Amino acid sequence: MKVACIGHIPQELSIWSDYRPVILPYLVSICDDLLYKLNATEVISGFAYGFETAIGLSALGLGIRLKSAIPYKGLGTNWPAEDRKLLGKLTSLSEVRYESSNQYSTYAVHKKNIWMIDYCD
């Protein structure tokens, strides 16, 4: 089954920086269980902070094919160095890179979300 996930962006909720070391491993654990139960064969992620990053890490850890759907070029350029490095790892290990725009806009994110949903099962 091809699985796509779209999640909230926790840095907009002011929790990510303070709780990332606790939240991310917990989210990956949840994603491991979810992907196992769904018998996922492919994961599509937009790699935003939080759940989208966790499901990408989970897919890699479980050996599931990973595809990326990047909403715009430059995603993550304003993120802390540790998170930029993680984003680089995830995108470099994913099989398909879809970029919907050259710059950030809510429309670019929406277009990316539509592509993800249309591509999954």
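Analyst: In this predicted model, Glu42, Arg65, Lys67 and Glu95 are linked in a network of salt bridges. The general idea is that side chains of opposite charge can pair when their charged atoms come close. Lys67 and Glu42 are both buried.

User: How many salt bridges does the count come to, and which residue forms one with Lys112?

Analyst: The count comes to five salt bridges. Lys112 forms one with Glu52, and their closest N and O atoms are 3.6 Å apart. Here too distant parts of the chain are linked: Lys112 belongs to helix H4 (residues 106–119) and Glu52 to helix H2, 60 residues apart. Lys112 counts as buried because its relative accessibility is 3%, under the 20% cut-off. Glu52, at 2%, likewise counts as buried.

User: How far apart along helix H1 are Asp33 and Lys37?

Analyst: An α-helix has 3.6 residues a turn, so residues three or four places apart point the same way. Asp33 and Lys37 are four residues apart in H1, about one turn of the helix. Their side chains meet in a salt bridge of 3.1 Å, N to O. Asp33 counts as partly exposed at 39% relative accessibility, whereas Lys37, at 63%, counts as exposed.

User: What may be said of the span of helix H2?

Analyst: H2 covers residues 51–62, and its twelve residues should span 16 Å at 1.5 Å a residue; the end C-alpha atoms are 16 Å apart, so the two values agree. Buried residues in H2 include Ile55, Gly56 and Leu57. After H2 comes Gly63, with a positive phi near 75 degrees.

User: Which residues other than glycine have a positive phi?

Analyst: Asn39 is one of them, with phi near 55 degrees. Phe47 is another, with phi near 60 degrees. Asn39 is found in the loop between H1 and S2, and Phe47 in the loop between S2 and H2. Asn39 is exposed, with a relative accessible area of 58%, while Phe47 counts as buried at 0% relative accessibility.

User: How many disulfides does the count come to?

Analyst: The count comes to zero disulfides. Cys31 is in none, as the nearest cysteine sulfur, that of Cys5, is 6.4 Å away. For Cys120, the closest cysteine sulfur is in Cys5, at 10.0 Å, and therefore too far for a bond. Cys31 counts as buried at 0% relative accessibility, and Cys120 counts as buried at 18%.

User: Which residues make a nonpolar surface patch?

Analyst: Met1, Leu34 and Leu38 make a nonpolar surface patch of about 230 Å². Leu34 lies in helix H1 (residues 16–37) and counts as partly exposed, at 34% relative accessibility.

Definitions and conventions: Residues numbered from 1 in each chain as written. Predicted model: local features only at pLDDT ≥ 70, side-chain atom pairs only at ≥ 80, totals over all residues. Heavy atoms only, no water. Patch = residues over 30% accessible without salt bridge, like charges linked within 9 Å, V, L, I, M, F, W, Y side chains within 5 Å. Areas by Shrake-Rupley, 256 points an atom, 1.4 Å probe, with all protein chains shown as cover. Salt bridge = Lys/Arg side-chain N within 4 Å of Asp/Glu carboxyl O. Helix = DSSP H or I, 4+ residues; strand = E, 2+ residues; numbered from the N terminus. Buried < 20%, exposed > 50% of the residue type's maximum accessible area, 1.4 Å probe, protein only. Disulfide = S-S within 2.5 Å. Expected span 1.5 Å × (residues − 1).
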